[in-house]
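My notes follow the display.

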Amino acid sequence: MDPKELAKEQKKALTRAERKITRESAKLETQEKKTLAEIKKLATKGQHNAAKILAKDIARQRKQREQYLMMSSQLKSTAMQVTSMQTQ
């Protein structure tokens, strides 16, 4: 394969992975909103133990979303490096 073609394929793969991570992050965000609504409903019913468990779940989801954001930025950086190497 030509080095330019190889770089193009690598950039496609990086972009694809970045989009996948973005979709997963969006799913986590919607799940977090649903869980937050469930926590509020449980708290009004007085089921505080279940609400605490769900609150821990939200903390876990936020941490995971933060990790997805870090991975996404690293993939963007790598894609930019591939692009700059391709132009040289």
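These entries cover helix contacts, salt bridges and a charged patch.

**Entry 1: the model.** I am working from a predicted model.

**Entry 2: Thr 35.** I looked up Thr 35 and found it in helix H1. Is Thr 35 buried or exposed? Its relative accessibility is 5%, so I noted Thr 35 as buried, the cut-off being under 20%. I then listed its contacts beyond four places in sequence. Thr 35 touches Leu 54, Asp 57, Ile 58 and Gln 61.

**Entry 3: Leu 75.** I moved to helix H2, which runs over residues 48-87 and holds Leu 75. Leu 75 is buried, with 16% relative accessible area. Which residues does Leu 75 contact, leaving aside neighbours within four places in sequence? I found Leu 14, Ala 17, Glu 18 and Ile 21. I also checked the spacing to Ala 13. Leu 75 and Ala 13 sit 62 residues apart in sequence, with 9.9 Å between their C-alpha atoms.

**Entry 4: salt bridges.** How many salt bridges are there? I recorded six. I went through some of them.

Glu 18 pairs with Lys 76, with 3.8 Å between the closest N and O atoms. Glu 18 belongs to helix H1 and Lys 76 to helix H2, so this bridge ties together parts 58 residues apart in sequence. Glu 18 is buried at 17% relative accessible area. Lys 76 is partly exposed at 44%.

Lys 27 and Glu 24 form another salt bridge, at 3.8 Å from N to O. Both lie in helix H1, three residues apart, about one turn of the helix. I noted Lys 27 as exposed, at 52% relative accessibility. Glu 24 is partly exposed, at 30%.

Arg 62 bridges to Glu 32, the closest N and O atoms being 2.8 Å apart. Why did I mark this pair as tying parts together? Arg 62 is in helix H2 and Glu 32 in helix H1, so the bridge joins parts 30 residues apart in sequence. Glu 32 is buried, with 11% relative accessible area. Arg 62 is partly exposed, with 45%.

**Entry 5: the patch.** Which residues form the positive surface patch? I wrote down Lys 8, Lys 12, Arg 16, Arg 19, Lys 20 and Arg 23. I placed one of them, Arg 23, in helix H1, residues 3-45.

Technical notes: Residues numbered from 1 in each chain as written. Predicted model: local features only at pLDDT ≥ 70, side-chain atom pairs only at ≥ 80, totals over all residues. Heavy atoms only, no water. Patch = residues over 30% accessible without salt bridge, like charges linked within 9 Å, V, L, I, M, F, W, Y side chains within 5 Å. Areas by Shrake-Rupley, 256 points an atom, 1.4 Å probe, with all protein chains shown as cover. Salt bridge = Lys/Arg side-chain N within 4 Å of Asp/Glu carboxyl O. Lys, Arg positive; Asp, Glu negative; His and termini not counted. Charge placed at Lys NZ, Arg CZ, Asp CG, Glu CD. Helix = DSSP H or I, 4+ residues; strand = E, 2+ residues; numbered from the N terminus. Buried < 20%, exposed > 50% of the residue type's maximum accessible area, 1.4 Å probe, protein only. Contact = heavy atoms within 4.5 Å.
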